Amino acid sequence: MTSFEALRQQGIRLCDDLRRNEKAIIALLVPIEKTKGYLDLGYSSLYAFCIGDFKLSDYQACNFIAIARKSESVPELKLAVEQDQITLTNAGKIAPLLTQENKELWLPKAAELPKAKLEMEIKKAFPEKAVRETIRPVAENRLEIKFGASAEFQRKLARTKEILSNQLRKSASHEEAFEILMDFFLKAKDPVQRAERAFAKKALLPCPGRVNSQKRTSLEAGASDKNSQEDLRELFNLQRSRFGRFPGSLSPGRRSDSPAKASKSPYPGRVTPSRIIPRTIPRKILHEVNQRDRGACQHKNCGQKHWTEVHHIKPWGLGGGHSLENLTTLCSAHHASVHRVLKS
Ligand SMILES: [Zn+2]
Ligand SMILES: [Zn+2]
């Protein structure tokens, strides 16, 4: 039977290997981020890549990335971690707040204090970080949601609950107050909901993902003359071969290839020539994009709904128009990646 001491020595060796490997992984992250190679695999961020490809836990991914990125601007953090002066846990705690100006204060604290005491010091110095935002399941279809808030936030919440309580003829809960506020916001701002309402109103619900070439607008037609369908197919193939399943849908986003405001016709009161196409994507087309793509990035394996933008598959500068088939939804990371490829 193996003696306790032999098992202990084996454990010590494995833990040494574990720490060494963790540091080696952290050292890899910034070079990986610089290549942005994970975008081609469908990951929209280094974090998503670490979870999906390296199979790190959420905690490890957040911690490692925070330490790696901060080590670029404060190399002393990297050095302290490499020399085992600061644990990875404590390094991850101070990484978000560490600067060149405060490193003399926080690096020694992270080296000397145990995790719980370091957390208390951080909360004292940065009260807004005192509560970590969490969403935790507590039963089927029930969650516990936790976040910090200001006194002003509390005042607004209290007022919302007063008004809602009057309407409901009963005391409104936090959940009811938040729900009604979110419903208001989503009704006004969610591009997918707005598209659905617009189509329902006009009874124009298109078949999702289907392009109706018979219904192209004159604006699109203006951009699509001169063998443009062939050009478009070529660009589709180029981008598809590199990025996977898109094109295939359109969605509204915070930003698009077009500027936020429509350019005015240079010929007031006259019919706009067919070649002069407003750069703003027409609302109807945007609705069709949103209806089709459901606000999600169409890059293979991505599907992210944060920071989405509408992309012209055939670039605007090359005559790409606002047709449904020439527009697709991309997250900002994949959008930038597609444009890098188109430039190269
Ligand atoms: Zn674009
Ligand atoms: Zn994406």
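The chain has zero disulfides by the rule used here, which asks for a pair of cysteine sulfur atoms within 2.5 Å. What you're looking at is a predicted model, where local features need pLDDT of at least 70, side-chain atom pairs count only at pLDDT 80 or more, and totals for chains, interfaces and linings use all residues. Residues are numbered from 1 along each chain as its sequence is written, and side-chain values use heavy atoms, with hydrogens and water left out.

**Confidence**

- Mean pLDDT (the predictor's confidence in each residue, from 0 to 100) is 83 for the chain, and 78% of the residues get to 70 or more.
- Helix 6 (residues 103–112) has the highest mean pLDDT among the elements, at 97, while helix 11 (residues 218–223) has the lowest, at 39; helices here are DSSP runs (H or I, at least four residues), numbered from the N terminus.
- Over residues 248–254 pLDDT stays under 50, and the model has 40 contacts there beyond four places in sequence, a contact being heavy atoms within 4.5 Å.
- Residues 259–274 also stay under 50 in pLDDT, with 13 contacts beyond four places in sequence.

**Cysteines**

- C297 is buried, with a relative accessible area of 0%; buried means under 20%, exposed over 50% and partly exposed in between (1.4 Å probe, protein chains only).
- C15 comes out partly exposed, at 37% relative accessibility.

**Helix 8 against helix 9**

- Helix 8 (residues 151–168) and helix 9 (residues 174–189) have axes that come within 9 Å and cross at roughly 95°; axes are lines fitted to C-alpha atoms over the stretch in contact, with angles from 0 to 180 degrees between N-to-C directions.
- That makes helix 8 roughly perpendicular to helix 9, a label covering 65 to 115 degrees (under 35 is roughly parallel, over 145 roughly antiparallel, the rest oblique).
- On the helix 8 side the contact includes F153, L157 and L164, and on the helix 9 side F178, I180 and L181 are among the residues involved.
- The contact residues of this pair split into eight nonpolar, two polar and two charged; Ala, Val, Leu, Ile, Met, Phe, Trp, Tyr, Cys and Pro count as nonpolar, Asp, Glu, Lys and Arg as charged, and the others, Gly among them, as polar.

**Positive phi in loops**

- K36, in the loop between helix 1 (4–35) and helix 2 (46–52), has a positive phi near 55° despite not being glycine.
- K36 is also partly exposed, at 31% relative accessibility.
- D84 is another non-glycine residue with positive phi, near 60°, and sits in the loop between helix 4 (75–82) and helix 5 (88–94).

Conventions. Chains lettered and ligands numbered in written order. Helix = DSSP H or I, 4+ residues; strand = E, 2+ residues; numbered from the N terminus.
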